[in-house]
Amino acid sequence: MNPIDCQVEIDYGFQIPFELGFKGIICFSSQPTTEEVQTLKVYPGTVIEATTPRELKEKLNRVDGEKIVGVKGPLEVNRAAVEDRRVDLILDHNNRDLDYVTLKMASKKRIFISISIRKLIVNTGLKRVREIEKTRETVKVIRKFNTPFLLTSGAINPMELRPFRQVVDLSSLYGIDEKMAMEGLTINPANLIRKKFDPSYVIDGVILEDWR
Amino acid sequence: MKNAPPSFRYRKRYIVFKFISPEWVDKKDVARALWRNFLTLYGDTGAAESQMWLEYFDGTYGIVKCAHTFTEKVKITLSTLHKISGMDVLPVILGVTGTLKKAKKYMETNGG
């Protein structure tokens, strides 16, 4: 079992995810690194924050192919993002908007949807209630269309990270069972990393065995 | 009231945890934060049924007692702790045991 945290936005404290049992993290900080802390692998990612689909396209044109591309934005940006193959995942944040059509399209285009537990940790009261309610609905649609999803910590400082067993426990508040949670922490992240960094990967289910 | 017979008593679980934090945390503050979090997540009736109690806390390592049916809920409550009296904390659950003696042993083997 190799749990990977796929949405971490920290600049320091890379020792902590290793101590918490993670084998890898995808780091979306402003200065992403590919350093290794003991056996922890840090994969570089880049965040694209846009307010309009047009701005998203412009920013996507400037991204190189060496990083995992995550998108943050309002509903129309997310909808444009799931139609673009250069986008790898839709990042999670407070007040994220995803609707039925977007999730269905994400399933078709195999764009990953991040579900973070940060919303449970930093929010309190009515705000937390609303976030749980929204995410439970998202999870229902994800289950229906078998949309690829990633269970993440969404941490922006090392203290917001949690051991992967606790991430599984917390995800039960979103209506995610243990089997689904393990899929979102181990199988799906491995697929995303293979898709992005493995040169022999062609499409899902097809691998280049030999090339001369 | 006379003590209830063993079959009437609730089955207990002891959750062993530690905090990763820049400074030591006060036991009273931890207990208060734990109760506040449990009440917002599961309400008054849930809190009454959980039999939750902060059994031991030394500033870093701690043991929470609860009814065995509420183990998952107490683990979730512990995991959602984020700030205690203005200080960032990272709670790490080390394990769950059935007796206090084993919980203390567990804590010692994990560096507590």
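A residue is called buried under 20% relative accessible area, exposed over 50%, and partly exposed in between, using a 1.4 Å probe and protein chains only. By that rule A:Glu160 is buried, because its relative accessible area is 4%.

Some ground rules come next. This is a predicted model, in which local features need pLDDT of at least 70, side-chain atom pairs count only at pLDDT 80 or more, and totals for chains, interfaces and linings use all residues. Residues are numbered from 1 along each chain as its sequence is written, chains are lettered from A and ligands numbered from 1 in the order in which they are written, and side-chain values use heavy atoms, with hydrogens and water left out.

Side chains of opposite charge can pair when their charged atoms come close. A salt bridge here is a side-chain nitrogen of Lys or Arg within 4 Å of a carboxyl oxygen of Asp or Glu. Over all chains, the search finds 18 salt bridges.

Return to A:Glu160. A:Glu160 forms a salt bridge with A:Arg118, with the closest N and O atoms 2.7 Å apart. This pair links distant parts of the chain, 42 residues apart. A:Glu160 sits in the loop between strand S8 (149-152) and H7 of chain A, and A:Arg118 sits in helix H5 of chain A. Helices (H or I, at least four residues) and strands (E, at least two) are DSSP runs, numbered from the N terminus.

Now take a pair within one helix. A:Glu55 and A:Lys59 meet in a salt bridge, at 3.1 Å from N to O. Both lie in helix H2 (residues 53-61) of chain A, 4 residues apart, about one turn of the helix. A:Glu55 counts as partly exposed because its relative accessibility is 23%. A:Lys59 is partly exposed too, at 27%. Elsewhere in chain A, salt bridges link A:Asp92, A:Arg96, A:Lys119 and A:Glu131 into a network.

Chain B has a helical pair as well. The side chains of B:Glu72 and B:Lys75 form a salt bridge, at 3.7 Å from N to O. They are 3 residues apart in helix H2 of chain B, so about one helical turn separates them. How accessible is B:Lys75, buried or exposed? B:Lys75 is buried, with a relative accessible area of 15%. B:Glu72, at 43%, is partly exposed.

A:Asp169 forms a salt bridge with B:Lys75, and their closest N and O atoms are 3.8 Å apart. On the chain A side, helix H5 (118-122) and helix H7 (164-171) each supply at least two of the residues that touch chain B. That side of chain A divides into 11 nonpolar, 3 polar and 4 charged residues. Ala, Val, Leu, Ile, Met, Phe, Trp, Tyr, Cys and Pro count as nonpolar, Asp, Glu, Lys and Arg as charged, and the others, Gly among them, as polar.

How many residues meet at this interface? 18 residues of chain A are in contact (heavy atoms within 4.5 Å) with 20 residues of chain B. The two chains bury about 1,500 Å² between them, 62% of it on carbon and sulfur atoms. Buried area is the accessible area (1.4 Å probe) that two parts lose on being put together, summed over both.

Last come the rings. Rings of Phe, Tyr and Trp (its six-membered ring) pair if their centres lie within 6.5 Å; planes under 30 degrees apart count as stacked, over 60 as edge-to-face and the rest as tilted. The structure holds 8 aromatic pairs over all chains. B:Phe19 and B:Phe57 have ring centres 5.6 Å apart and planes at 65 degrees, so they are edge-to-face. They link distant parts of the chain: B:Phe19 is in strand S1 (residues 12-20) of chain B and B:Phe57 in strand S2 (residues 53-57) of chain B, 38 residues apart. B:Phe19 and B:Phe57 are both buried. The ring centres of B:Phe38 and B:Phe70 lie 6.4 Å apart with planes at 40 degrees, so this pair is tilted. B:Phe38 is in helix H1 (residues 27-50) of chain B, and B:Phe70 is in the loop between strand S3 (61-67) and helix H2 (71-80) of chain B. Both B:Phe38 and B:Phe70 are buried. Ring pairs also join B:Phe17, B:Phe19 and B:Phe57 into a cluster.
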